[in-house]
Amino acid sequence: MGVRKLKPTTPGQRKKIIGTHEDVTTNVPEKSLVVGKRSTGGRNNTGKMTVRYRGGGHKRKLRLIDFKRRRDDIPATVKSIEYDPNRSAHIALIYYADGVKSYIIAPTGLKVGQTVMSGENAVPEVGNSLPLGKIPVGTVIHNIELRPGQGAKMVRSAGNFAQLTSREGTYVVISLPSGETRRILSACRATIGSVSNGEHSLEESGKAGRSRWLGRRPHNRGVVMNPVDHPMGGGEGRASGGHPRSRKGLYSKGLKTRRPKKQSSKYIIERRHSKRNSKGTK
C-alpha cells in the first residue's frame, strides 16, 4: 500500500495526503459479521456529557473481529481484505474449512486465497496464530494476549509490531513498539507478522472538516477560558497559563498516573520511558 498526495486545487487539498488502500479487495462487508454502532456524542446513560468535543461524524457499522483465534487446527482461506472504519488497520475475511466465517486483523503481506491456521500445530508463518512458546525467538508478531484465552490486547494498530526476544521458563520476553520490554506467559497467543496499512501514519487530513467526519468537534484550549472554567484560564492579555494541567487541576505533563503497586508491574523488565531505552523518551 502507498499514499497519494493530491494537487492543491483547493485549500483543503493543498496538504491532504490519503492512503490508496491498494490491498483492499472489496467495499462490501460480510453481512453476518456486521452490527450497528450507536453514536453517544460523549454522553452517558443518563444523558450527561462526560467526554467533551465529541459528536456528529459519519455513521459506521461495527465489524466483529475474532481476537481470540481459538478454532485450532482448522485451516481457513482468506476471501478478502477490507477497510474497517473503526480501526487504522485493515481486516481480512476468512472462511474456515467447516464453513464458519470470521474477521481477523490483516497482517502485512496477507493475500487473498492464502491459508491461515491457529493452534499449537500451526506453522509460524504470516497470518497464523500460535502460543508464544511455539514461536521462534526473533520473530515479528502482533495481536498479543496478556492472559491465556483473553484475546489480543496489544499491538493491534496499523503498522505496529513487537518482537519475541528470549525465553525465561514459562515466560517469554517481548519487545513492544513503545520500547517497553516485558514478560508474558508462553501460553498466551500472538499472530505472526506486522499489522497491515503501515503507511497510515503518513496520512494528513488537510482540513478540519475531516475531523468532523470522524466525530471530533473543535477543541478549545484551557488558556483561553475563564478561571472559573479552567485552572489555566484568566489573566491580563495572553497569559501562559502556568504549569500545564487538566480541567480538574491534575498536572498533564510529567505526572505519573500508573499505580505504584500495580500487580502487573512485576512483569515489566524495562519501562518505555527508561533513560537507558533508546526507543523511549527521557
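**Sheet, ring contacts and surface of the predicted model**

Tyr267 is partly exposed, at a relative accessible area of 24%. Residues are classed as buried under 20% relative accessible area, as exposed over 50%, and as partly exposed in between, with a 1.4 Å probe and protein chains only. Accessible areas were computed by the Shrake-Rupley method with a 1.4 Å probe, and for residues only the protein chains shown count as cover. The model is predicted, so local features need pLDDT of at least 70 and side-chain atom pairs count only at pLDDT 80 or more, whereas totals for chains, interfaces and linings use all residues. Residues are numbered from 1 along each chain as its sequence is written, and side-chain values use heavy atoms, with hydrogens and water left out.

Tyr267 takes part in an aromatic contact with Tyr171. Rings of Phe, Tyr and Trp (its six-membered ring) are paired if their centres lie within 6.5 Å; planes under 30 degrees apart count as stacked, over 60 as edge-to-face and the rest as tilted. By this rule there is one aromatic pair. The ring centres of Tyr171 and Tyr267 are 5.8 Å apart and the planes stand at 35°, so the pair is tilted. Distant parts of the chain are linked by this pair: Tyr171 belongs to strand β14 (residues 171–175) and Tyr267 to the loop between α2 (208–213) and β17 (268–270), 96 residues apart. Helices (H or I, at least four residues) and strands (E, at least two) are DSSP runs, numbered from the N terminus. Tyr171 is partly exposed, at 23% relative accessibility.

Two arginines are placed over aromatic rings, where a charge sits over a ring if NZ of Lys or CZ of Arg is within 6 Å of the ring centre and within 35 degrees of the ring normal. The charged end of Arg71 is 5.0 Å from the centre of the Tyr96 ring. Arg156 lies over the face of Phe67, 4.0 Å from the ring centre.

An open sheet is formed by four strands in the order β7-β6-β5-β8, with antiparallel pairing. β7 (101–105) and β8 (115–116) stand at the edges with a single partner strand each, so one side of each has no neighbour in the sheet. Strands are taken as paired if DSSP finds at least two bridges between them. In general, strands of a sheet pair through backbone hydrogen bonds, either parallel or antiparallel. Five bridges join strand β6 (residues 91–96) to β7, and Ala92 stands opposite Ile104 in β7. β5 is joined to β6 by six bridges, with Ser80 opposite Leu93 in β6. Between β5 and β8 there are two bridges, and Val116 in β8 is the bridge partner of Ala76. β5 is mostly covered, with five of its seven residues buried.

Positive phi values occur at two non-glycine residues, Arg69 and Val155. For Arg69, phi is near 50°; this residue lies in the loop between β4 (61–63) and β5 (76–82) and is buried, at a relative accessible area of 5%. For Val155, phi is about 60°; Val155 lies in the loop between β12 (152–154) and β13 (162–168) and is buried, at 10%.

Val35, Leu62 and Leu64 make a nonpolar surface patch of about 200 Å². Patches consist of residues with over 30% relative accessible area and no salt bridge, like charges being joined within 9 Å and nonpolar side chains (Val, Leu, Ile, Met, Phe, Trp, Tyr) within 5 Å. A salt bridge is a side-chain nitrogen of Lys or Arg within 4 Å of a carboxyl oxygen of Asp or Glu. Val35 is part of strand β3 (residues 34–36) and counts as partly exposed, at 36% relative accessibility.
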